[in-house]
Amino acid sequence: MGDDDSAFSELGKRGLVNSMHEQLDEMLASRDQMALLLRVIVGLASDLDLDATLHRIVTAAMELTGARYGALGVWAADGTLLSFLHSGMPVETAARIGHLPVGKGVLGVLLDHPEPLRLDDLREHPNAVGFPEHHPPMGAFLGVPITIRHLTFGSLYLTEPTVGTTFSGADEVAARALASAAAVAIDNARLFDRVRLTAEWMEASRAITTALAAEGGPVAKPLTMIAERVCELTGSEQAIVLVPVDASLPSEEVETLVVTAAVGMLAKEVMGQRVPVTGSTTGGVFRSGEPLITESFRHPIQAFTDVGQRPAIVMPLRAHPRGTLGVLVVARNQNDTSFDSSFLDLVSDFADHAAVALVLAESQQQARELSVISDRERIAHDLHDHVIQRLFAAGMDLQGTIARSRSAEISQRLSRTVDDLQGTIDEIRSRIFALQTSRGDLGLGQLVQATIADLTENRDIETTVRMSGPLTAVDEAVAEHATSVITEAVSNAVRHSGAAHLTVEITVADELTVVVVDDGCGIDPAVVRRSGLANMQRRAELVGGSCVLSEQPNGGTRVRWVAPLRAR
């Protein structure tokens, strides 16, 4: 019995020693793990870039636990995965698997129950939904939530330990400690990212305000500048700005919006498209003045939102007291992450600043136009009160000289000079009218009628004016040329042709056509050269049109001037 007791005693000592060795090994491993954890925590605190911080967390978690695969999912407010970073899986394998997880199955358990989850085989969990084709096999699983200010920011996932078949309790403790440190690092990175983004948006607002104050000019250019900056700052694929078709109407009476500025893919195809206010997403934002994050539009815009669902922000351009000036829309690629609510404040502040800058730029432009009009009025008064009066006095003196002249040749020459003086007076009067008339005040039809009335005033000639087609479709530059041509043609008919009847026809169809017909004495080459009728041909060439002067069969002259609706 003594020998047996000695043998059992020896065996007991050996088992105790082995147990002690195992415990010592675990303590050493834990010590090494804690040392590594401390180094990781210090490393996390040194980086303020959010994306870099998230990748570093996944790599550190894999190193701490010996996991072959690691991932970090960031949750959106609606409970879906906003982004999913993974490591350890070969690129070609990930490409074969296809789309990333959406947060269902075991991955979603941590959102509903933000507690650590350690499984020997995740495939046996009740919420397991299986793996997609080409996915590598995974057994042991360790998941830890990352909570910031009592809200679940994301979840850390680890699978397939390289040492052993399951994750240990020490691995779970290390992962939980890492998640706590990661929460602080992520929070700091997000705050830094927020400050950086705010500074970028403020700088963009300042740059837009400065540029608009310096630029002035047509509204489309500053709207394009606004769209470009927002597209860049939001990481979007496209941006458009819609404004009312008739900007003079109150907001509540606007029925249609038109795309006035577009940047990004297919910008040319989007430009000019019209969107009804009633029944459209952009129209709803225009009416309410409230921004919106969406992924679908009730009224698809060709080459912009007709490609299917895609993350987008619809933002009103508001400026007190003008109300809503238009709508700014930015859209990401359909495979990009959705916009979160933090973007709303940034884009909203920028849009409000941009709208105010637009109003200020418009006011400056109006002030410049008023200054020009004031100068034109002064010049017009000077021409009328001084130049015309002197020319008229010179003509009266010449007529008195003609009456006393006994030479027929001298009388004829003086008569031609008097005619030339009268023609000069007529031209000056037409120029005075042009100086006093603003395109912004009168449309093409009113301009033409006022011009003809001024040129034929106190003249013994019957005038007929006919107009057809949408005159508002004529480009401003073309309208100015057309008005000058009509002034030239009517002035010559009144001064030189001796006509009793004058007809002016303006037709707008695929192009602008102006026809001026008189029943006078016909074309005198000397008159054509002296009066400047050749300038009508030059004006037609400038806009890519044509001009033809011809004699009427029964006497008189016909001028036909044709131009495209927009200057080339």
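1. C547 has a relative accessible area of 9% and counts as buried, whereas C521, at 60%, is exposed. Here buried means under 20% relative accessible area, exposed over 50% and partly exposed in between, with a 1.4 Å probe and protein chains only. Zero disulfides turn up in a search of the whole structure; the criterion is a pair of cysteine sulfur atoms within 2.5 Å.

2. This is a predicted model, in which local features need pLDDT of at least 70 and side-chain atom pairs count only at pLDDT 80 or more, while totals for chains, interfaces and linings use all residues. Residues are numbered from 1 along each chain as its sequence is written, and side-chain values use heavy atoms, with hydrogens and water left out.

3. Rings of Phe, Tyr and Trp (its six-membered ring) pair if their centres lie within 6.5 Å; planes under 30 degrees apart are stacked, over 60 edge-to-face, and the rest tilted. The count by this rule is two aromatic pairs. In one of them, the ring centres of F141 and Y157 are 6.1 Å apart and the planes stand at 35 degrees, so this pair is tilted. F141 belongs to strand 4 (residues 141-148) and Y157 to strand 5 (residues 151-161), so the pair ties together parts 16 residues apart in sequence. Helices (H or I, at least four residues) and strands (E, at least two) are DSSP runs, numbered from the N terminus. Both partners are buried: F141 at 2% relative accessible area and Y157 at 3%. Ring pairs join F84, F141 and Y157 in a cluster.

4. Two arginines lie over ring faces: R310 over F304, 5.8 Å from the ring centre, and R332 over F339, at 4.0 Å. The test asks for NZ of Lys or CZ of Arg within 6 Å of the ring centre and within 35 degrees of the ring normal.

5. A nonpolar core is a set of buried Ala, Val, Leu, Ile, Met, Phe, Trp, Tyr and Cys residues joined through side-chain atoms within 4.5 Å. The largest such core has 33 residues, of which W201, L223, I226, V241 and L317 touch the most other members. Elements giving two or more residues to this core include helix 5 (169-215), helix 6 (220-233) and strand 10 (312-319). Helix 9 supplies the largest share, eight residues.

6. Contact means heavy atoms within 4.5 Å. With neighbours within four places in sequence left aside, the contacts of L317 include L223, V241, L325, V327, A351 and A355. Another core, of 32 residues, lies apart from the largest one; among its members are I486, V508, V514 and M536.
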